[in-house]
Structure formats: structure tokens, C-alpha cells
Amino acid sequence: MKFWIGVAATVALAAGLALSGTNEYFFYAGYVVLQFVVLATAWNILGGYAGYVNFGTAAFFGIGAYTAVVLFKAVGAPLGVQILAAACASGLLGFGTGLLTLRLRGIFFSIATVAVIFIMHTAIVNWRYVGGATGVQLLRPPAMPLFDSYTRMLFVVMAVLAVAGVCIARYIEVSWIGRGLRAIRDSEEAAECSGVPTLKLKLFACTVSGALMGAAGAPLPMYMSFLEPASSFDLNYSVSALAMPMIGGTSHWLGPVIGAILLGSVQQIVTVTISNEINVLVVGVLLVVFVVAAPDGVLGLLRKLKWLHRSSR
Amino acid sequence: MAPPLLQITGVSKHFGGFAALSEVSLEVAPGERFGLIGPNGSGKTTLINCVSGALRNESGSIVFDGAEISRLPAYQRTRRGIARSFQIPRPFKTMSVLENLVVPLEYVAHRRTLHTADTWDEAMAILRQMGMAEKADSPSNLLSQVELRKLELARAMAARPRLLISDEAMAGLAGNEVDEVLKILFDLNATGITIIMIEHIMQAVMRFSQRVICLDAGRIICEGAPAEIVKNPDVQKAYLGA
């Protein structure tokens with residue numbers, strides 16, 4: 001119940017902000033932070049729950065963005081349709097990638113997912129219809145009524161996607177599916193011998209995770225009014241989507257949300273106040289600090305504090 | 001006589017050029033207490049891995065309850081009624097002891113209904129039967145060796161098996177702990193579950209089994225009642241190298 005109140009409050013807050021007179025830059029930056037909430041949450045479904053570290057976030061994200069471009073260019077599809085189609089395309093890519101790679105374990109799976117980025121990147125660079133390596137310029141349609149600007153509208157759209165992503169992740173986490181995924185992370189052999197169809201479950205997680213990443217990428221072309229392959233298949237998306245759950249904590253849906261808001265905001269602040277290059281450094285340093293000092297992330301730290309508090313009484 | 005519950009015919013398995021199993025055939029009757037012994041590297045665990053589905057046998061057939069299972073993935077064999085414990089315990093270490101049992105319950109016995117309350121109640125009942133009820137909420141990575149062995153058996157039981165394979169569930173345990181685990185296995189067998197025991201502790205496997213097979217270098221060298229097995233010169237040679 002508390003969760004659903006939180007969901008309603010978050011959506012209401014996002015909509016309220018967008019309709020208020022808040023500075024336009026807030027929405028410009030807030031969109032990016034929310035986009036990372038979706039990416040981190042999506043990554044965590046496979047990487048956190050099942051323990052399969054996916055470096056391919058940028059591929060799923062980029063394919064989502066380019067699916068939106070194709071639909072917009074070809075039939076002028078509305079944003080909602082673009083997002084749904086992007087989720088389907090990236091979900092399909094997730095299913096295919098999973099089918100080919102999920103028999104590999106540990107580091108071998110991770111390496112295979114890096115390859116997916118380069119394959120997709122190369123394919124798009126060589127596809128003239130979507131602009132090839134030079135990219136494609138897009139003209140934003142007018143914003144929906146009620147909204148002053150398209151950026152404000154995209155902010156609300158991304159907030160809804162973030163909330164939807166968290167709801168899906170949470171449902172998976174608390175259900176039998178989540179327990180099966182955790183069993184896979186703890187011991188794949190024991191899971192299989194306990195009746196868990198490990199390959200099917202991993203495929204499911206990879207598909208859902210990919211679909212959410214694609215949905216997060218779909219509004220990107222409209223957000224930037226422009227799309228080119230190098231920045232949409234940027235490895236930084238993969239690194240951030242992995243770092244954020246690690247920093248927040250991977251065992252609970254709240255972990256990636258905390259990580260994304262924390263790291264995403266810091267990145268935005270650093271980009272504006274210092275430089276765009278430094279923000280990559282910030283991700284790296286924070287990731288190392290957390291992996292060494294707090295391997296269970298912020299949530300792990302909080303749990304430890306709570307435990308200390310209880311045992312000191 | 002009732003048809004065998006498990007029938008292994010001509011099963012072979014190679015690792016590279018090494019023949020881990022060559023043409024192994026055996027039958028286990030329903031309700032039987034069956035012992036599998038042999039020196040280290042003789043192929044006991046490989047045979048069990050072929051039966052449980054962790055490995056695929058290259059030739060031969062494995063028939064369980066009248067159906068060929070040697071091409072089925074492991075989880076489907078579990079659903080048909082074959083459960084195993086692991087030689088080196090593999091608990092779901094991020095879960096509580098109770099939750100460890102809920103996994104097989106949800107994925108095997110209750111997979112069509114998913115009545116959450118029933119599932120947790122049944123998990124608790126199995127823990128009580130194992131004498132581990134007070135450990136239900138402890139994280140499974142904080143258990144002692146004997147508790148881990150019992151958890152392995154409890155989790156296998158939660159899959160409601162007809163055939164339970166116990167892979168060295170007693171290795172490294174103290175005398176009274178061995179008795180404790182043996183009693184659990186005897187009790188399970190009394191409820192009609194067929195049990196295959198792989199064990200190095202001779203006194204335990206001889207006391208437990210009705211029939212014993214000895215493997216050496218991937219072949220069956222001897223089969224019979226426990227008393228005959230210990231007297232067999234081939235078995236003595238395999239174990240003592242004399």
C-alpha cells in the first residue's frame with residue numbers, strides 16, 4: 001500500500017513540477033536523471049537479481065532510440081507508439097542476445113554483451129535511412145496541450161516510464177520469478193535441481209530488461225531533436241547503468257533508484273559546474289569506492305547501520 | 001516384482017580422452033535403499049550427474065518410472081521426481097533457510113497453484129521434520145557444516161521426490177552427526193522414498209543400504225548385499241590397492 005502511495009505521489013509530483021513555473025533547465029537535467037532510473041532499474045533485473053552482468057545497455061538503449069526515429073520518419077508515429085515499439089524491438093534484441101549468450105556464464109556472458117553494442121553500432125552507421133554516421137535531424141511536433149514545452153512533457157513521460165519500470169522490477173523481485181532469479185545467482189546448479197527452469201528464467205529477465213532499456217531510449221531523439229550513432233551507443237550508458245545499482249544496492253528495487261538519483265544528479269551538477277569529462281571520472285571513482293568499502297551499496301550500508309543500532313541497544 | 005523405478009542401461013561418459021563411465025548398467029527398485037561406493041574418481045558423482053541432468057550421458061539410456069529422461073533438462077527431471085543433494089553444499093546463500101525450501105516448493109510441487117501461505121507452511125513442516133525449525137529465519141550462509149548438509153537434504157525433500165540421491169551427505173561429519181543424518185534418511189525411506197546413497201563412510205553406507213554397487217574407474221566391479229561387498233576381493237583391491 002505504501003508503495004502505491006509512493007507511486008501516485010511521484011507521478012503527481014512530476015506532473016505538478018512540469019505544470020509549475022520551475023526553470024526549464026531543471027526538466028532538461030531531470031529527464032536525464034529519470035532516464036538513468038529506468039536504465040539502472042532495467043539493468044538490475046538481470047544483473048542484480050540473477051547476477052548476470054550485462055555490459056550491453058548502450059545497445060538496447062540505442063536500438064530503442066533508433067526504432068523511434070524509424071517510426072517517426074516513416075509514419076510520423078506519436079511518442080507513445082514510438083516507446084511501445086522501441087520496447088518491443090529492444091525486448092526482441094534481448095531475447096535474441098539471451099538465446100545466443102545465456103548459456104555462457106560469468107565473465108563470458110559479459111564479454112558477449114559488449115559485442116552486441118559494436119554490432120548494433122556498426123549496423124546503424126551503415127544504414128543511410130537513419131542518417132548513417134552523420135546522424136539525423138528531427139523536427140519536434142508541438143507539445144501536448146497543458147504543457148508549455150516539449151522538454152517538460154518528455155520529463156513527465158520519463159517519470160511515468162521510471163515508475164512503470166520500478167513497478168515491473170518490484171513485481172518480479174517479490175514474486176516467485178524473483179526468487180528463482182536469486183536462486184540462479186546463488187547457485188545455478190542447485191537452482192536447476194530445485195526445479196527452476198534456469199535458461200527460461202534468464203531469457204525472460206534478459207527480454208524484460210532489454211525492453212525497458214529500449215523504452216528509456218525511445219524519447220531520446222525528440223529530447224535532443226537529433227540522433228547520431230556514436231552518442232546513442234555510448235559505452236557510458238552501459239557503465240552508468242551498471243554503476244548505479246552497484247552504488248545503490250542490487251538486492252532491492254530501491255537500490256538502482258537511489259543509485260541513479262544520486263549518481264545522475266552528481267553527474268548533472270558536475271557537468272554544469274566543472275566539465276563534461278570529469279563526470280565520467282566521478283562515476284569511476286564512486287564505483288571503486290563503493291565496491292571496496294560498501295559492496296552492498298547504500299542499501300547495504302543502511303541495513304548495517306540499522307543492525308548496529310539494534311544490537312547496541 | 002515391481003518394475004524398477006530407475007533403470008540405467010549402458011551409460012558412458014567421457015571427459016576428453018578420460019572415460020569417467022563406461023557402459024554402466026544398474027536398476028533401482030521402488031522403495032529401495034541403494035548404496036553406491038567406490039574410490040575417489042571412480043565415477044560415482046558423474047553417474048549421479050547424468051541421472052540428475054547436470055551432465056548428459058553420451059550413450060545408453062536412463063529410464064525413470066518408465067520414461068526415458070536422459071535428454072531432459074535437469075529441472076524437468078526434478079519435476080518428475082528426482083532430487084539430489086550436493087557433495088559440497090550449495091545453499092541459496094542470500095536467502096533464509098526457510099526460503100531455500102520455498103524455491104523447490106514454488107517451482108515443483110506448488111507451481112500450478114502458487115498458494116503462498118501453503119507453500120511457506122509446507123516449507124516449515126519439512127524443516128520441523130529435519131529438526132531445523134529453530135533455524136528457519138537464519139541466513140543460510142551462517143549455518144554449521146551439519147546444518148548445511150541437513151539443508152541440502154531438506155531442500156531436496158521440498159521438491160517432493162520419489163527418488164532422493166544423497167551425494168556424500170555425511171562426509172566430514174562427527175560420529176553422532178552421521179547418526180543424525182542417517183536417521184533422517186531412514187525416516188524418509190520409511191515414507192516410501194527410494195534413496196541412492198553415495199558415501200565414503202563405509203560403516204554408514206553398509207548399515208543403511210539393502211544393496212550396494214561398487215564402481216571403480218567407471219565400471220561396476222561388484223554388486224550385492226553389504227556383507228558380500230566388504231568381503232569381495234575386487235572391492236578390497238580397489239579400496240586398498242592391495
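1. Two strands count as paired here if DSSP finds at least two bridges between them. On that basis, chain B of this predicted model contains an open sheet of six strands in the order E6-E7-E8-E3-E9-E10, with mixed pairing. Its edge strands are E6 (82-84) and E10 (219-224) of chain B, each of which pairs on one side only. Leaving direction aside, neighbouring strands of this sheet are turned by 20° against each other on average.

2. One pairing within that sheet can be followed to the residue. Strand E3 (residues 33-37) and strand E8 (residues 194-198) of chain B run parallel and are joined by four bridges. B:Arg33 stands opposite B:Ile195 in E8(B). Helix H9 (residues 233-240) of chain B packs on the sheet, where it touches strand E9 (211-216) and E10 of chain B. The direction of H9 makes about 130° with that of E10(B).

3. Chain B also has an open sheet of four strands, ordered E2-E1-E4-E5, and here the pairing is antiparallel. Strand E2 (18-28) and strand E5 (67-68) of chain B are the edge strands, each pairing on one side only. Strands E1 (residues 6-15) and E4 (residues 59-64) of chain B pair in the antiparallel sense over five bridges. For B:Thr9, the bridge partner in E4(B) is B:Ser61. Helix H1 (residues 44-52) of chain B lies across E1, E2 and E4 of chain B and runs at about 65° to E2(B).

4. On the backbone of chain B, two residues deserve a look. Most residues other than glycine have a negative phi. B:Glu168 is not a glycine, yet has a positive phi of about 45°. B:Glu168 is found in the loop between strand E7 (163-167) and helix H6 (175-190) of chain B. B:Glu168 has 19 C-beta neighbours inside 10 Å and therefore counts as partly exposed, given that a residue is buried if 20 or more other C-beta atoms lie within that distance.

5. The second case is B:Ala217, also a residue other than glycine, with a positive phi near 50°. B:Ala217 lies in the loop between E9 and E10 of chain B. B:Ala217 is partly exposed, because 16 other C-beta atoms lie within 10 Å.

6. Taken as a whole, chain B has nine helices and ten strands. The radius of gyration of chain B is 18 Å, close to the 18 Å from the globule rule for 242 residues, so chain B is as compact as a globular protein of that length. Along the principal axes, the C-alpha trace of chain B spans about 55 × 40 × 40 Å. Of the 242 residues in chain B, 46% are buried. Among contacts in chain B between residues at least 6 apart in sequence, 65% join residues at least 24 apart.

7. The secondary structure of chain A comes to 15 helices and two strands. Taken along the principal axes, the C-alpha atoms of chain A fill a box of roughly 55 × 45 × 40 Å. Buried residues account for 49% of the 313 residues in chain A. Of the contacts in chain A between residues at least 6 apart in sequence, 78% join residues at least 24 apart.

8. A:Val114 lies in helix H5 (residues 107-125) of chain A. A:Val114 is partly exposed, since 15 other C-beta atoms lie within 10 Å. Apart from its neighbours within four places in sequence, A:Val114 is in contact with A:Phe55 and A:Gly56. A:Val114 and A:Ser238 are 124 residues apart in sequence but 8.9 Å apart in space, C-alpha to C-alpha.

9. Where the chains meet, 17 residues of chain A are in contact with 23 residues of chain B. On the side of chain A that touches chain B, helix H7 (176-186) and helix H8 (188-193) of chain A each supply at least two residues. H7(A) gives the most to that side, with six residues. By class, the side of chain A that touches chain B has six nonpolar, six polar and five charged residues.

Conventions
Residues are numbered from 1 along each chain as its sequence is written. Chains are lettered from A and ligands numbered from 1 in the order in which they are written. This is a predicted model: local features need pLDDT of at least 70, side-chain atom pairs count only at pLDDT 80 or more; totals for chains, interfaces and linings use all residues. Two residues are in contact if their C-beta atoms, placed from the backbone, lie within 7 Å. Axes are lines fitted to C-alpha atoms, for helices over the stretch in contact, and angles run from 0 to 180 degrees between N-to-C directions. Ala, Val, Leu, Ile, Met, Phe, Trp, Tyr, Cys and Pro count as nonpolar, Asp, Glu, Lys and Arg as charged, and the others, Gly among them, as polar. The radius of gyration is taken over C-alpha atoms; the globule rule is 2.2 Å times the number of residues to the power 0.38. A residue is buried if 20 or more other C-beta atoms lie within 10 Å of its own, exposed if 12 or fewer, and partly exposed in between; C-beta atoms are placed from the backbone.
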